[in-house]
Amino acid sequence: MVRVAPKARSTPWLFRIRGSYRRKYILLALIILLLLRALVHTFRPAHDKIQFQFSTHRVLYSTNSDLNVARAEAVRAEFKWAVKRYKDVAWGKDEVLPVSGRFQTTRNGFAATLIDSLTTAMVMNLTTEVVQAFDYIVSTLDFEKDDGTLVDPFETTIRYLGSLVSAVDILDAGTLVGPIPRQSRYRENILQKAIKLADKLAPAFDSPLGIPWPRVNFTAHLGVHEPDSLGDVHLSRDISPAVTPARIGSNWLEYYRLSQQAMDPVYTHNATRAWASLVWNRNAETFDGLVDSPMDSFSGFSLGHTVALGAGHDSYYEYLIKAAQLAPRDKHASRYSQRWEQAMTSTMERLAFRGTAPDSYRVDGKRSDTGYLFIAQYFDGTYLNEMGHLTCYIAGNLILGGKYLHRSDLLELGLEVLETCHATYLTATGLGPESFVWEPPRRDPSDQLIDGGYEQVRWAISAPGPHEHEQVRKLGFWVSDARYFLRPEVIEGYFYAYRITGDPKYQDWAWSAFEGLRKFCKAKYGYGEIQDVTLPDGGGATVDSSESFFLAETMKYLFLIFDDPDRLTLDEWVLSTEAHPFRIQ
């Protein structure tokens with residue numbers, strides 16, 4: 001494991017002084033330390049409250065209304081049902097197959113659904129389900145693998161390690177779940193499991209720059225390349241992997257909190273070193289703050305000019321602002337927020353485009369002469385006018401970061417992108433597609449979203465065919481992949497928008513999505529994916545697949561939107577990319 005080198009010891013100069021002068025020096029040193037501490041607290045950047053102050057607007061925003069209580073209870077009931085079905089047919093397995101009742105191993109057999117959903121059960125105060133999960137973790141969960149298993153450090157960190165570390169934080173807070181019998185014993189065992197897993201993942205950071213390897217061989221204790229479709233690794237460790245920003249920069253929150261819980265700085269050290277090549281990027285950037293991808297993990301040099309906020313890139317940008325919020329006293333906190341602000345300003349100026357204005361009414365019930373606002377992808381001079389469900393996370397992140405840094409323009413950008421993402425949910429099922437495309441309009445001379453205007457941009461997808469053209473006319477975009485994978489990103493945006501603006505319309509949007517989930521995705525043994533959100537029957541039979549993030553993220557955000565907002569406030573907690581809550585300290 002990469003560890004912090006100990007400093008050489010020497011005799012402190014203070015104890016080489018003899019006589020009564022020593023006491024004077026000690027007193028003087030204490031006075032200086034107290035003064036320095038006072039100065040630090042005086043001049044440390046102060047941040048206003050992020051979350052809307054619901055408690056002072058109870059009359060206008062009745063956060064404890066019977067409707068919200070009923071909705072929160074409905075979400076909780078569906079979560080309990082899904083966990084019970086998982087326990088009946090797939091307990092301890094990675095995923096239940098919701099239609100057939102079988103199970104599959106997708107995350108090394110470490111009980112992905114059980115572990116990933118744990119913090120949702122804790123936030124919902126479901127003590128029976130929590131204790132059952134705790135008992136499994138203490139008595140059965142085993143991260144020792146002697147069969148050459150290759151573990152993905154990215155997925156394992158956000159789903160497994162993040163949940164275990166978050167569970168310790170939730171127990172320590174004592175305000176979200178309880179009472180739990182034998183709580184102190186559970187806490188210590190869970191923390192030890194987290195430490196064990198982090199130590200098993202440590203070889204991922206054993207590279208020249210600390211950039212994580214794509215896989216870790218738990219038997220050989222080595223970082224290795226990504227395997228082929230048969231699970232075999234053919235490339236030598238002497239060959240540098242090409243990696244994306246999300247894989248490099250999506251572990252800082254988890255390791256920072258683990259360092260604090262375990263009182264061992266090595267975890268924060270590894271995570272800080274891992275994303276240093278992004279945070280202090282030595283490469284010229286096509287757009288300030290946005291990393292050109294992929295990156296050579298041995299040299300830190302960019303190997304291409306792909307700039308995006310979606311898959312492969314997303315959680316790096318998400319974690320920049322959340323790291324600054326979670327650890328405001330960390331010596332690099334200002335750098336993290338600065339890099340996020342750079343990236344989002346460039347997003348606003350260089351990647352945000354309007355589509356053709358639709359004939360139909362906008363989400364807010366008004367007609368508009370302008371189209372929805374989309375986030376493009378950039379590929380070495382060409383813009384891809386397609387946006388995925390995954391990219392909709394940026395709406396919530398912009399709202400959060402804009403509020404935190406007092407950037408009202410970024411907050412408004414987030415709200416407008418969220419309106420676009422919500423528009424994709426206005427389907428026959430009430431759920432949104434995996435991806436959608438917009439048609440670039442003729443340049444509007446008054447549009448300041450991009451320098452030079454639309455006619456200077458090369459677009460990857462040209463004008464659509466007759467069917468797509470009709471969708472563009474009616475909706476302002478067309479659906480390029482109509483499947484729904486139980487993803488949380490749009491609902492996540494509703495959560496941040498509601499918690500920061502206090503506007504109850506986002507609760508209504510979330511409830512509509514929940515009703516769509518319950519009607520079209522619920523199968524015999526759990527919730528499954530659907531094939532076409534635009535069709536009244538969801539495209540036919542429910543797909544026999546359900547990833548752990550559905551219970552970890554989608555259901556958690558749905559519950560939190562209707563739950564008392566003061567229980568898990570954004571001023572005291574930061575949620576990871578997998579929606580695991582970490583305490584701000």
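Begin by selecting residues 293-296 and 302-307, which are strands β7 and β8, joined in the antiparallel sense over 2 bridges; two strands count as paired if DSSP finds at least two bridges between them, and strands (E, at least two residues) and helices (H or I, at least four) are DSSP runs numbered from the N terminus. The model is a predicted one, in which local features need pLDDT of at least 70 and side-chain atom pairs count only at pLDDT 80 or more, whereas totals for chains, interfaces and linings use all residues. Residues are numbered from 1 along each chain as its sequence is written, and side-chain values use heavy atoms, with hydrogens and water left out.

Within this pair, Ser 293 has Thr 306 of β8 as its bridge partner. The two strands form a hairpin with 5 residues between them, and Gly 300 in the turn has a positive phi of about 80°.

Widening the selection shows an open sheet of 6 strands with mixed pairing, in the order β6-β7-β8-β11-β12-β15. Because β6 (242-243) and β15 (458-459) stand at the edges with a single partner strand each, one side of each is left without a neighbour in the sheet.

Now move to helix α19, residues 549-562, whose 14 residues should span 20 Å at 1.5 Å a residue, and whose end C-alpha atoms, 19 Å apart, agree with that; the expected span is 1.5 Å times one less than the number of residues. Centre the view on Lys 556 to find a kink of about 30°, the bend being the angle between axes fitted to the seven residues ending at a residue and the seven starting there. Of the 14 residues of α19, 14 are buried, so the helix is largely enclosed by the rest of the structure; buried means under 20% relative accessible area with a 1.4 Å probe, protein chains only.

Finally, select Phe 154, Glu 155, Ile 158, Asp 314 and Leu 390, which lie nearest the centre of the largest pocket among its 24 lining residues. The elements giving two or more residues to this lining are α6 (153-173), α8 (245-248), α12 (314-326), α17 (489-501) and α19, and α6 contributes the largest share, 4 residues.

Note on methods
Buried < 20%, exposed > 50% of the residue type's maximum accessible area, 1.4 Å probe, protein only. 1 Å grid on protein atoms, 1.4 Å probe; cavity = no way out; pocket = protein on both sides within 12 Å on 5 of 7 lines; lining within 4 Å.
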